[in-house]
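Please view the sequence and structure below before reading on.

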Amino acid sequence: MTTRTFVRTAFAPNEPPPLEADSTASRFARSLFATPANFALTVLSVGIVALVLPPLIRFLFLDATWSGTSRDDCLANAGACWPFVRAKFGQFIYGFYPAAERWRPNLVLAFGALLLAPLLIPAAPFKRTNALLFFGVYPVVSFVLLTGGNLDLQKFLLGRFLQWTTVAGVGFGIGLRWAFWTDFLFSAVVIVALVAALAALLRASVFAAVTAAGMVLAGLGIILLAVDLDFGLAPVETRSWGGFLVTLIVAVTGIVVSLPLGVLLALGRRSRMPAVRYACILFIEFWRGVPLITVLFFATYMLPLFLPRDVTFDTLLRALIGVALFAAAYMAEVVRGGLQSISRGQHEAAAALGLGYWRMMGLIILPQALTLVIPGIVNNFIGLFKDTTLVLIVAIFDLLGQIRASFADPNWATPVTLYTGFAFAGVIYFVFCFGMSRYALYIERRTAAYGRGS
Amino acid sequence: MKRPAAESKAAAPPRRGGSLAADPRFRAFVVQAILLIAIVWIGWTLFENIRQNLAAQKIASGFGFFGETAGFGISQTLIPYTEESTYGRAFFVGLVNTLIVSALAIVFATILGFAVGIARLSRNVLLARLAEAYVEVLRNLPLLFQILFWYLAVLGTLPGPRQSTPLLGAVYLTNRGIIFPKIGLEPGSGIVFGALGIGFLLALILRFLQRRQMLMGSERRSFGWLTLLLIVGLPALAFVLTGAPVSLKWPELRGFNFVGGARLNPELLALLFALSTYTASFIAEIVRAGVLAVPRGQTEAAFSLGLSRRTTLRRVVAPQAMRLIVPPLTSQYLNITKNSSLAAAIGYPDFFYVFAGTTLNQTGQAIEIIAITMAVYLAISLATAIFMNWYNRAIALKGA
């Protein structure tokens with residue numbers, strides 16, 4: 001037998017134990033100092049940390065001024081001027097909302113937190129009722145609380161075409177006008193009659209059509225009644241709103257409006273009807289293709305030109321409309337992602353059960369799709385929350401706008417005011433955005449653990 | 001576009017005999033007809049309102065203002081522009097400024113983003129944690145906040161020109177921007193740049209030949225020194241032979257400001273820093289996700305074939321990761337272009353600031369100007385998307 005070079009004649013030397021067998025400490029050390037390059041990276045990292053962290057801690061805590069009432073107290077120290085934040089805190093949070101009425105925004109924020117918390121906790125019961133309250137009732141209540149309600153509505157639909165001045169004057173003494181509410185009632189009857197006639201023409205169920213139309217009109221009526229009633233709240237103009245309140249209002253309105261609108265657009269984009277599909281594609285791609293700031297400019301300068309001359313919108317409302325449409329386009333794409341990941345079998349099973357389009361979507365497809373895209377929705381909201389800062393370009397003072405405006409106050413002009421303001425705003429934005437992104441991550445892991453929809 | 005056929009309404013059989021509402025085709029027709037009528041009606045109403053509003057405000061619509069004299073100065077102009085120039089020219093000055101800042105931000109954000117993304121995957125715990133901190137802090141703060149921070153708190157608090165001390169002898173960081181030596185060109189400098197170009201070209205050809213040689217199975221030889229000689233030596237030779245036509249012009253402090261030398265506006269710098277660092281945090285996450293998505297088996301297979309760590313990364317992991325990275329990277333590039341419009345907050349004369357800001361204020365042609373502004377951004381978005389889709393197809397799996 002000839003000797004073959006590739007056949008071992010002796011045992012190979014023992015390999016060192018695998019990395020996992022080492023102690024944590026040695027593994028840590030190896031990860032930092034294994035090779036010269038690694039060592040250099042470690043030195044670099046330590047250098048960066050040493051450069052950033054100590055000055056930051058010194059500025060925020062050690063060298064900071066904690067108490068005082070004016071700029072003179074802050075001039076002595078090189079650190080943050082926290083008395084400045086304390087003095088301006090009301091402005092940063094509420095803008096120029098009258099101090100005596102600040103319980104109203106507080107109440108709105110409290111309601112919001114109370115409704116939102118159980119909505120976000122997956123285990124909390126009554127999700128449907130909760131969502132209805134948050135998306136349906138809460139906006140109306142907030143609107144009344146923040147503005148003071150009592151809109152003094154003049155005319156509804158028919159009043160635009162007919163002279164309706166015969167029964168003028170304020171009735172009831174609770175802020176309602178006869179003219180408007182009789183107009184509303186007559187218009188409602190006309191609309192229901194039209195719907196019934198259409199249903200009869202198409203030989204569909206007249207009863208179902210009338211019920212549906214009646215419910216929509218009743219809902220509308222309740223909302224209009226709520227904003228029209230005089231609750232005795234002092235009116236507060238949106239011009240005096242500001243600070244974090246506006247940040248939250250813009251962000252929450254954006255999400256509350258864009259979610260249902262986005263779902264409709266996403267469904268429309270996947271519709272088999274070409275007119276519906278292309279209309280939705282056009283709408284979505286248009287808003288996604290332009291920067292938010294052009295949308296805000298559009299809403300501020302162009303929207304008034306699009307409206308009849310007797311309709312005037314307030315600046316904040318215009319910005320809200322712009323933000324909502326913009327957010328809806330992005331939301332539609334998130335929801336579409338969810339719809340696409342639902343397997344075809346689900347559609348087929350629903351169809352086999354005899355469900356029509358809306359029941360199929362509402363009972364089978366959307367619940368699964370929306371659950372899957374909760375992280376996407378939350379991430380969308382984070383983006384929206386950050387984008388609210390852009391309203392300062394159209395002269396609405398959100399948190400960042402208020403802080404920037406406060407830099408100009410000569411009473412607090414110190415070398416550290418600028419940094420203190422940025423530190424405060426930065427901490428608030430970071431806490432909210434980081435918290436939400438962690439939540440999105442948690443939901444994502446949870447969904448993944450249950451196994452995906454199909 | 002392919003959609004699941006399952007969404008068809010044809011699945012529902014007609015229930016009530018003869019009810020037109022139960023016929024899916026008829027229902028689809030009615031829905032679409034109503035939608036179209038609604039769109040046309042809304043469009044017509046809006047148009048009518050605009051017409052009446054404009055007539056009431058006595059605003060003449062039209063694009064005649066493009067030819068009128070703008071009469072305002074722009075602080076950064078790369079194409080010739082004076083206060084006597086037209087609005088049309090101001091439009092292009094702004095557009096060029098937008099494209100410049102977007103292009104620079106895209107380059108820096110990509111480099112920084114890839115570096116941070118790879119650092120997050122490093123086995124060096126400290127470096128990975130540092131990169132993670134970078135990503136979390138930067139992407140959780142609003143971009144406008146960061147732009148204002150750079151502009152007001154960092155660049156705005158730099159010393160004035162008279163108090164500043166030069167870095168590296170010639171670069172001055174001042175509250176009026178960064179001032180650095182300018183490249184002065186005398187006649188003959190074209191030859192030097194020509195030589196530089198030829199050097200690059202030859203180096204590229206060399207590299208191509210070397211690659212071919214490798215593919216043919218010949219031994220791999222390094223041409224590093226020759227490449228270096230071509231790129232550095234050739235222009236250096238031209239530089240000496242033509243009598244040094246390219247020189248650096250050093251900035252000098254005269255009075256309250258610098259003369260000679262080039263200057264980068266603080267507005268541009270703030271926007272560029274903020275856009276690059278902010279977007280880099282998103283790109284880093286995209287890169288990390290892309291690399292992590294390459295199955296571990298690919299790396300293991302490459303190692304067992306005897307490929308080195310470096311070759312494995314370059315030839316096995318990177319090409320597969322890029323396929324996942326490119327589509328979301330595209331939307332980040334689009335975001336940079338769109339976000340560059342935040343320049344309006346600090347007064348960098350980008351397209352939005354010059355056109356939708358100053359021009360709109362002066363002419364009052366809100367409809368035309370905002371419509372054009374939106375159209376321009378849509379066009380830029382579309383162009384970027386088309387280019388990136390082409391690139392995406394180019395690196396996609398062939399025949400898949």
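In chain B, residues 24 or more positions apart account for 66% of the contacts (heavy atoms within 4.5 Å) with a separation of 6 or more. The model is predicted: local features need pLDDT of at least 70 and side-chain atom pairs pLDDT 80 or more, while totals for chains, interfaces and linings use all residues. Residues are numbered from 1 along each chain as its sequence is written, chains are lettered from A and ligands numbered from 1 in the order written, and side-chain values use heavy atoms, without hydrogens and water.

**Chain B**
- Chain B has 11 helices and eight strands, taken as DSSP runs numbered from the N terminus (helices H or I, at least four residues; strands E, at least two).
- Of its 400 residues, 40% are buried (under 20% relative accessible area, 1.4 Å probe, protein chains only).

**Helix pair in chain A**
- Helix α4(A), residues 82–94, packs against α17(A) at about 135°, with the axes 10 Å apart; axes are lines fitted to C-alpha atoms over the stretch in contact, and angles run from 0 to 180 degrees between N-to-C directions.
- A:Phe84, A:Lys88, A:Gln91 and A:Phe92 of α4(A) meet A:Leu399, A:Gln402, A:Ile403 and A:Ser406 of α17(A).

**A:Asp398**
- A:Asp398 sits in the loop between α16 (374–387) and α17 (399–406) of chain A.
- Beyond neighbours within four places in sequence, the contacts of A:Asp398 include A:Gly243, A:Thr388 and A:Tyr429.

Conventions. Buried means under 20% relative accessible area, exposed over 50%, partly exposed in between (1.4 Å probe, protein chains only).
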